Amino acid sequence: MGPRSRERRVGAVQSTNDSSALSKSSLATRGYVHDPFAALLVPGTVRRAPLIHRGYYVRARAIRHCVRAFLERTCAVNDASRAQILSLGAGSDSLYFRLKTAGRLTRTAVWEVDFPAVARRKAERIGETPELCALTGPFQRGDPESALCFASVDYRILGLDLRQLQRLDQALAAAGLDAAAPTLLLAEAVLTYLEPDNAAALIAWAAQRFPNALFVIYEQMRPHDAFGQFMQQHFRQLNSPLHGLDRFPDVEAQQHRFLRAGWTACSALDMNEFYRCFLPAEECRRVENLEPFDEFEEWHLKCSHYFILAASRGNAFSQALVFPRSQVFHRVDPASPSGAFPASVVTSASQDPNLKRYGHASVLLSPDLILSAGGFGEEEGRHCRVSTFHLLSRYCDFKWKGSQIRNLGTGAPWDGRLYHTMTRLSDTQVLVLGGRLSPVTPALGILQLRLCKSEGSNSTEDLNITVTKAGPEADSILSRWRHSTTDMSYENQKYLFVYGGRSVVDPVLSDWHFLHVGTMTWVRIPVEGEAPEGRHSHSACSWQGGALIAGGLGASEEPLSSVLFLKPISGGFLWESVVIQPPITPRYAHTAHVLNGKLLLVGGIWIHSSSVLGVTVIDLTAGLSSEYQIDTTCVPWPLMLHNHSSILLPEEQELLLLGGGGNCFSFGTHFNPRTVTVDLSSLSAG
């Protein structure tokens with residue numbers, strides 16, 4: 001790499017500090033954390049999205065947990081030596097000022113290191129801000145040639161390149177850092193921007209230099225699944241690629257990395273586990289109620305791709321792990337895959353326009369015709385709620401071809417809802433129930449979609465859609481989204497069973513309702529048995545005249561593993577639990593189908609395992625489950641299996657995956673661009 005490339009890379013890494021600083025300032029402004037100093041250390045303001053707030057919140061709490069553990073441990077030791085915090089790649093972080101205000105620096109000093117331009121800019125910012133100067137007390141500014149940019153009695157800022165370890169070591173010693181004193185080293189999203197050899201040298205240097213220390217890092221991991229690939233692509237586009245993830249892809253590899261480098265003890269966990277096990281339940285509830293939120297999939301994915309690690313040396317820290325293994329967060333190791341279902345792209349880009357969407361719904365109208373509607377996606381070059389309908393048609397050569405159509409102006413307008421359900425009434429009619437326009441605006445009323453051909457045409461390319469209202473707009477039952485709708489039969493009448501979901505008022509719903517299709521009225525039908533806990537983003541399938549409900553997200557935003565059967569009985573229905581061995585991994589945002597007495601759970605999100613979801617196959621007669629991977633070798637993009645729709649073609653033993661993806665934290669939005677087919681024929685062969 002030449003000098004210019006290095007300069008561009010350094011500039012790109014420094015720009016990540018600016019973005020992070022603005023996010024931390026927005027976080028404090030919205031009340032997630034108490035930090036009046038974040039806004040003083042960064043010019044400008046910006047309001048981040050709730051998903052970004054949650055991501056930065058859990059990061060801030062994890063670092064706070066480690067800092068407090070270090071300070072409490074050093075205070076408990078009757079030692080006159082002064083403790084030290086050495087923040088590597090500190091950027092515009094306000095840690096010093098928060099600790100000083102809280103009175104936590106009576107026996108502790110803070111050193112910060114970052115690129116010279118970043119360090120000098122921070123020193124200047126502090127010097128021109130009276131509120132900050134009042135906390136640092138008298139200070140000195142270093143000359144332009146010196147590494148020391150700012151110095152007060154308990155605070156030092158140094159401008160150094162972490163790749164130049166000899167200079168780093170000399171400058172820290174000259175600035176008064178005592179290598180023998182208890183030291184906390186912090187590196188938030190820092191090592192991953194260093195080349196692996198530079199990062200390894202820094203970890204080993206710290207182990208050799210500080211005999212009584214705690215080294216805490218917060219970084220990315222899991223580069224190989226779809227979210228990880230998209231995450232890496234984002235940072236490559238910023239010219240600040242993530243290094244070392246292939247060598248250290250998970251928490252176990254990261255722990256071994258530090259132990260091999262000379263650290264004597266190490267604990268690490270992903271941010272889902274930290275959030276679930278190391279934050280009080282009441283604090284989680286407070287945070288979850290700060291802003292309207294409906295991006296659970298991306299929140300859990302983000303947390304599963306970042307980890308917090310604490311490595312220690314010396315008796316003062318090695319005897320008590322910062323993150324003792326919790327009994328609350330049950331890690332699940334799915335059974336070894338029984339096989340793999342090959343996947344392939346069934347349409348080309350020219351044949352499948354505008355299927356870049358998620359949160360939509362799809363329905364099989366006839367063996368050769370699939371209608372998709374709603375969702376959030378890409379339309380006319382922008383990201384928005386999708387107003388067009390997508391039609392996937394199969395022709396005599398057995399090839400599928402996609403087209404987009406708009407609704408005619410003769411009926412009601414299509415409102416662009418998402419997280420709704422669609423049910424086939426006939427080859428040309430579809431019923432749409434529920435959905436939302438935003439996290440605080442439900443989509444109102446029952447809509448009926450009718451396909452009609454243009455006059456004198458027999459081609460599916462000339463189909464139009466009319467939208468009509470099929471029920472009262474002020475229907476409170478359907479003020480919900482992320483629910484399920486299932487075809488059922490009772491006393492030889494057709495009903496739709498609407499279950500669960502969430503609403504503006506209730507984060508999860510546990511109620512159910514029966515809609516009589518012939519009259520479009522709600523009917524009470526007796527249901528016996530213990531009612532299941534509330535959930536949303538679950539799956540539901542028709543089976544043996546009843547409904548199979550699987551997984552979902554519960555009231556505490558915890559994925560569920562239960563499978564329930566609403567069984568037809570004389571005079572109504574009965575809730576029954578389906579016992580499955582081995583138990584399935586808790587999941588949500590998946591799709592499901594029944595094929596030859598087997599329940600197929602397709603994709604979804606889980607947080608209790610590091611493996612990637614494929615297809616779980618449950619034999620409903622024997623109660624046995626098996627796992628199958630989806631072989632995406634022939635799919636030329638990261639295939640995200642959440643917020644998608646799927647259509648089962650039982651005659652062909654195939655599964656069609658349509659759309660899917662999501663807003664991937666701050667990395668951008670990913671849409672699965674084209675339809676994918678999954679070959680299930682090996683199930684019959686087995």
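The largest cavity holds about 50 Å³ of space. A cavity here is a set of points, on a 1 Å grid over the protein atoms alone, where a 1.4 Å probe fits but cannot get out. Grid points are joined across faces, edges and corners, and a volume is the space filled by probe spheres set on the points. The model is predicted: local features need pLDDT of at least 70, side-chain atom pairs count only at pLDDT 80 or more, and totals for chains, interfaces and linings use all residues. Residues are numbered from 1 along each chain as its sequence is written, and side-chain values use heavy atoms, with hydrogens and water left out.

**Cavities**
- The count comes to 3 cavities of 30 Å³ or more.
- Asp 169, Leu 172, Ala 173, Leu 177, Asp 178, Ala 179, Trp 205, Arg 209 and Phe 210 line the largest cavity; lining residues have an atom within 4 Å of a point.
- That lining divides into 6 nonpolar, no polar and 3 charged residues (Ala, Val, Leu, Ile, Met, Phe, Trp, Tyr, Cys and Pro count as nonpolar, Asp, Glu, Lys and Arg as charged, the others, Gly among them, as polar).
- Helix 6 gives the most to the lining of the largest cavity, with 3 residues (helices are DSSP runs of H or I, at least four residues, and strands are runs of E, at least two, numbered from the N terminus).
- Helix 6 and helix 7 each supply at least two residues of this lining.

**Helix 7**
- Helix 7 spans residues 196–209, 14 residues in total.
- From first C-alpha to last, helix 7 reaches 20 Å, close to the 20 Å expected at 1.5 Å a residue (1.5 Å times one less than the number of residues).
- Its buried residues are Pro 196, Ala 199, Leu 202, Ile 203, Trp 205, Ala 206 and Ala 207 (buried means under 20% relative accessible area, 1.4 Å probe, protein chains only).
- These buried residues pack against elements including strand 1 (83–88), helix 6 (165–174) and helix 9 (251–260).

**Arg 480**
- Arg 480 sits in the loop between strand 23 (463–469) and strand 24 (484–490).
- Arg 480 is buried, at 3% relative accessible area.
- Its side chain reaches the backbone oxygen of Gly 500 at 2.9 Å (a polar contact is a donor–acceptor pair of N or O atoms within 3.5 Å; residues adjacent in sequence count only if both atoms are side-chain atoms).
- Beyond four places in sequence, Arg 480 touches residues including Tyr 499, Arg 502, Asp 511 and His 513 (contact means heavy atoms within 4.5 Å).

**Thr 74**
- Thr 74 belongs to helix 2 (residues 50–76).
- Thr 74 counts as buried, at 9% relative accessibility.
- A polar side-chain atom of Thr 74 lies 2.9 Å from the backbone oxygen of Leu 71.

Note on methods: Buried < 20%, exposed > 50% of the residue type's maximum accessible area, 1.4 Å probe, protein only. 1 Å grid on protein atoms, 1.4 Å probe; cavity = no way out; pocket = protein on both sides within 12 Å on 5 of 7 lines; lining within 4 Å.
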